[in-house]
Amino acid sequence: MLSTVSLTVLQQLLNLEISDPHGILGMHEMEHKNKPVVVVRAFIPQAREINVIDEKYPTRIYPMTKLHEEGFFEVIIPTRKKWFMYKLDVVGIYGETWTTYDSYSFEPSISELDRHLFGEGTHYEIYKKMGASIKELQGVSGVGFTVWAPNAQSVGVIGNFNCWDERRGQMRLLGSSGIWEIFVPDVKELDHYKYKIRTHDGQVFEKSDPYAKFSELRPSTSSLVFETKHEWEDGEWLENRRTNYPLDGAMNIYEVHLGSLKFNEEENRFYSYIELADMLIPYVKEMNYTHIELL
């Protein structure tokens with residue numbers, strides 16, 4: 001059985017040479033044999049069988065056909081003409097099963113306005129948009145992964161949630177922004193991840209997330225999905241900043257590199273931020289510094 005995508009495009013997908021995998025994978029409305037239909041495509045190398053399940057009508061199950069040994073599946077649904085919300089019911093190569101929403105059925109998790117402001121350098125809260133963000137899209141909980149890699153040929157998110165296999169996490173390039181993104185359902189807080197980046201000259205790099213909110217302790221290097229639950233108690237300081245122009249007062253800056261400030265020789269480790277705060281802040285106040293600059 002032939003795929004509804006060309007052999008050239010399919011090979012590019014399998015070779016991780018596509019900047020818009022969402023244009024191939026997922027559900028698409030199209031004409032087939034002069035009739036409107038929907039087609040669903042999936043690329044899951046660890047799958048032996050995949051069924052498409054209509055979320056609204058779970059008894060409507062559409063078995064997919066494996067068209068390539070690497071794990072490319074497709075099904076044409078002639079009884080449907082319009083896109084609908086669905087899940088993939090997967091049987092793995094060892095008989096394991098799982099059901100999930102399809103990452104390639106979601107709209108971009110970062111808006112066009114965010115991309116515009118980022119491009120002109122005026123997005124002052126871009127840290128809230130980039131990296132791994134726990135969110136809900138189209139009523140589905142998951143994590144939006146977003147990274148800037150303007151010179152990459154392709155980018156994939158890899159993690160414990162997809163067997164560290166970039167083929168299952170191919171990201172899309174959003175226009176000319178240099179931003180790559182994908183929304184992955186069911187990813188949980190503290191799941192581990194990295195980005196796998198392929199350059200146009202064939203080099204491959206695994207990178208931690210520059211916008212990661214949490215990371216493994218050295219020598220491990222994975223980034224972790226995380227959302228802080230810290231409640232700030234600096235209302236008094238913020239009010240003082242609002243009513244007093246800082247440049248009208250004295251400024252005495254203590255510049256410090258925390259890694260070399262002090263080392264825990266007994267336990268052969270660096271001190272944590274919390275431990276260092278208890279050491280550093282009393283000293284800075286005693287010496288009449290007004291600001292701390294961390295290197």
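Of the 295 residues of the chain, 41% count as buried, where buried means under 20% relative accessible area, exposed over 50% and partly exposed in between, with a 1.4 Å probe and protein chains only. The model is predicted, so that local features require a pLDDT of at least 70 and side-chain atom pairs count only at pLDDT 80 or more, whereas totals for chains, interfaces and linings use all residues. Residues are numbered from 1 along each chain as its sequence is written, and side-chain values use heavy atoms, with hydrogens and water left out.

The chain contains five helices and 21 strands; helices (H or I, at least four residues) and strands (E, at least two) are DSSP runs, numbered from the N terminus. The radius of gyration of the chain is 24 Å, while a compact globule of 295 residues would have a value near 19 Å. This radius is taken over C-alpha atoms, and the globule rule is 2.2 Å times the number of residues to the power 0.38. Along the principal axes, the C-alpha atoms fill a box of roughly 80 × 45 × 40 Å. Among the contacts in the chain with a separation of 6 or more, 65% are accounted for by residues 24 or more positions apart, a contact being defined by heavy atoms within 4.5 Å.

The accessible surface of the chain comes to about 17,800 Å², and carbon and sulfur atoms hold 52% of this area. Accessible areas come from the Shrake-Rupley method with a 1.4 Å probe; for residues, only the protein chains shown count as cover. The chain carries 31 positive and 44 negative charges, whose mean positions are 8 Å apart. Lys and Arg count as positive and Asp and Glu as negative, with His and the chain ends not counted; each charge is placed at NZ of Lys, CZ of Arg, CG of Asp or CD of Glu.

In helix 1, the buried residues are Leu10, Leu13 and Leu14. These residues cover an arc of only 95° around the axis and therefore lie on the same side of helix 1, the arc being that of the directions from the helix axis to the C-beta atoms. An α-helix has 3.6 residues a turn, so residues three or four places apart point the same way. The buried residues of helix 1 pack against strand 2 (35–43), strand 5 (65–68) and strand 6 (72–77).

Helix 1 is followed by Leu16, which has a positive phi near 60°. Leu16 is placed in the loop between helix 1 (7–14) and strand 1 (26–32) and is buried, with a relative accessible area of 7%. Most residues other than glycine have a negative phi, and most peptide bonds are trans. A positive phi, near 55°, is also found at Trp164, again a residue other than glycine. Trp164 belongs to the loop between strand 11 (152–159) and strand 12 (172–173) and is partly exposed, at 36% relative accessibility. A cis peptide bond with omega of about 5° joins Arg218 and Pro219; Pro219 is situated in the loop between strand 16 (214–215) and strand 17 (223–224).

Gln170 is located in the loop between strand 11 and strand 12 and counts as buried at 3% relative accessibility. With its neighbours within four places in sequence left aside, the contacts of Gln170 include Leu13 and Leu16, together with Pro21, His22, Phe43, Tyr104, Val155, Gly156 and Ile182.

Val90, in strand 7 (residues 86–92), is buried with a relative accessible area of 0%. When residues up to four places away in sequence are not counted, Val90 touches Ile44, Ala47, Glu49, Ile50, Glu96, Thr97 and Trp98.

Two glycines in loops are exposed. Gly121, in the loop between helix 2 (112–120) and strand 9 (131–137), has a relative accessible area of 54% and is exposed. The C-alpha atoms of Gly121 and Phe183, 62 residues apart along the chain, are 24 Å from each other. Gly175, in the loop between strand 12 and strand 13 (179–185), is exposed at 60% relative accessible area. The C-alpha separation between Gly175 and Asp209, 34 residues apart along the chain, is 21 Å.
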